[in-house]
Amino acid sequence: MTAIENRYPVVEPTVGSGPVLDAAATTRCRRRVHLDHDPGAATAPRAMPDPALEQRRADAVAHREQIGARLAADLGGEWCEIPAGLPGAERVEATARAVAAGARLIWGAALPTDRAAGRRGSPELLVRVPGGGYVPVIVVRHRITDPGSGAVTAALDAPWPQRARLDEERKVRSQPRDLMRLAHLNRMLRTAGWAAEPRLRHGDHGGVIGLDADVVVWHDLRAGHWPGGRSTLAEYDARFTDRLAVATAAATGAPALAEPSRITECRRCPWWPTCEAELERAEDVSLVVRGEYAGVLREVGVGTVAKLAALDPAAEPPVEVPGLPFADLVALARARLRGLAVVRRVPQVAVVRADIEVDVDMESFGEAGAYLWGALLRHPGGRQAGDEPDGYRAFATWDPVPTQDEARSFAAFWTWLSAVRARAAATGRTFAAYCYNEQAENRWLLASAARFAGMPGIPPTAEVEEFIAHPGWIDLFAVVSEWFLCAQGKGLKRIAPAAGFAWRDPEAGGENSMRWYRNAVGMDGAPPDPQQRERLLAYNADDVHATHALREWMTSRAVEEVPLAADL
């Protein structure tokens, strides 16, 4: 049996006049880097622009502008700002003058492109450290800490690494892309001659200001937080060397150093239509087994779905593939060859049912807040006098999140849900609530209770934790994962059609809902659009009806029509 190893191919780039990469290349798929720099790919199929991605970029720009204005107001005496409207070359010259003058904080700094090494990029802020030289600070629109302890943070109005202290209230949330960007900027500052000396205590540090914008989190880029004890700088150097080699080969017409293989990133990659067509033509094994595991299967001669399907599921597997039993991988391959989206692992599927059932689905706008809690009430055991009627209910705020009005809508949802549970208990009936992939709902249940603690109707965190831990709170995603094999993915939009359910809106999806939400609340300066609010409510209602339909299907005779994996 061949074990799987994490490894980068040993390749050396050609530098000088070749491709110039930004830090994002180090966390992107190697094949995407190839296609981004292959002149022959100019006419290849690409996905339509993702409106949600464009919105996230616009939001990130607005977030950086807000942080810049806030810091300028708090640190005016230390502040030097490079005008954003200047041409690129002039911004680099202005940054060089500020560095030469020893400015303590340089906002909007522009670093000279390092064509010899193939690097481009700039930080949001340069911070001068004792002993001379600068370290980078970046501003990002995602969360960079979680409750806990151990992060090294400095106050936002004192954004210097020498002011940082061990934080007893925050722990670092893993964000590899931030660390790679800081390492990238570290290398560019060294080339420019503007970096702090590595021998200095903070010479190889970098800072991040996140979505909450409450502190600067400082990272020691020499610390060994990566597999094998590698430092962030060592990890970055290995990744960048590899990606630059891939890009150089693509740009010069040399043999490709990266071939397509399906990974999680493919879902949002603009090049997926090109790669998907190539993988489908080859019936590549990564259509069933993702990522590096597919690569190891190819190395032992199992490069297609058909070859995987032909293996004996009871025999010793040719490679070690963590996550799924080898027999399940073979069954997935056989299901795909037969065009089956779903197969059963077991003859009978077990799903907890109750006298009173509620399907729950939450809608959030990125990291900003949860603006809608939707619930579908059903009484499979029969309604009694005093019961609420069956049907969908929505608890929403249409103030742009984050907003204190979230407390009102969340409290109304929790109060209603608690009353339904209490009604079941008082009348001697069983109760169950369902969602699809509880990670999102649980996160916002807990976050809402903590954020709005003490406000009217907001439950104590312990009460929310009790609900989450109760066996009557059921994650149907976990049920599907346990009892079914899904050859085309396990997302609700993938699995519910097997139960005969269809969304009314042909554009239904989490990414599109972000765009609808912006219009619904008038986020971009236009008046709020009532039609988009109705569209979001209908979308949420369909999501909870989908989980209900899925549960009904899994506990009906109809599920017996789904082939058993053992029979394929």
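Which residues of helix H7 (residues 291–299) are buried? They are Ala294, Val296 and Leu297. Seen down the axis of H7, these buried residues fall within an arc of 160°, so they line one face of the helix. Keep in mind as you explore that this is a predicted model.

- In soluble globular proteins, nonpolar side chains tend to be buried together.
- Here, the largest nonpolar core has 41 residues, and Phe484, Leu550 and Met554 have the most contacts inside it.
- Several elements each supply at least two residues of this core, including strand S13 (370–378), helix H15 (510–521) and helix H16 (530–554).
- H16 provides the largest share of this core, with eight residues.
- Another core, of 37 residues, lies apart from this one, and Leu179, Met180, Ala183 and Leu244 are among its members.

**A look at Phe484**
- Leaving out residues up to four places away in sequence, Phe484 touches Val342, Val343, Arg344, Arg345, Val349, Trp553, Met554 and Val559.

**The second largest pocket**
- The second largest pocket holds about 770 Å³ of space.
- It is lined by 28 residues, of which Arg143, Leu211, Asp212, Glu367 and Ala368 are the closest to its centre.
- Helix H2 (51–74), strand S5 (145–147) and helix H11 (438–451) are the elements that give two or more residues to the lining of this pocket.
- H11 gives the most to that lining, with six residues.
- By type, the lining residues of this pocket divide into twelve nonpolar, three polar and 13 charged.

Conventions: Residues numbered from 1 in each chain as written. Predicted model: local features only at pLDDT ≥ 70, side-chain atom pairs only at ≥ 80, totals over all residues. Heavy atoms only, no water. Buried < 20%, exposed > 50% of the residue type's maximum accessible area, 1.4 Å probe, protein only. Helix = DSSP H or I, 4+ residues; strand = E, 2+ residues; numbered from the N terminus. Arc of directions from axis to C-beta. 1 Å grid on protein atoms, 1.4 Å probe; cavity = no way out; pocket = protein on both sides within 12 Å on 5 of 7 lines; lining within 4 Å. Points joined across faces, edges and corners; volume = space filled by probe spheres on them. Nonpolar A, V, L, I, M, F, W, Y, C, P; charged D, E, K, R; others polar. Core = buried A, V, L, I, M, F, W, Y, C linked by side-chain atoms within 4.5 Å. Contact = heavy atoms within 4.5 Å.
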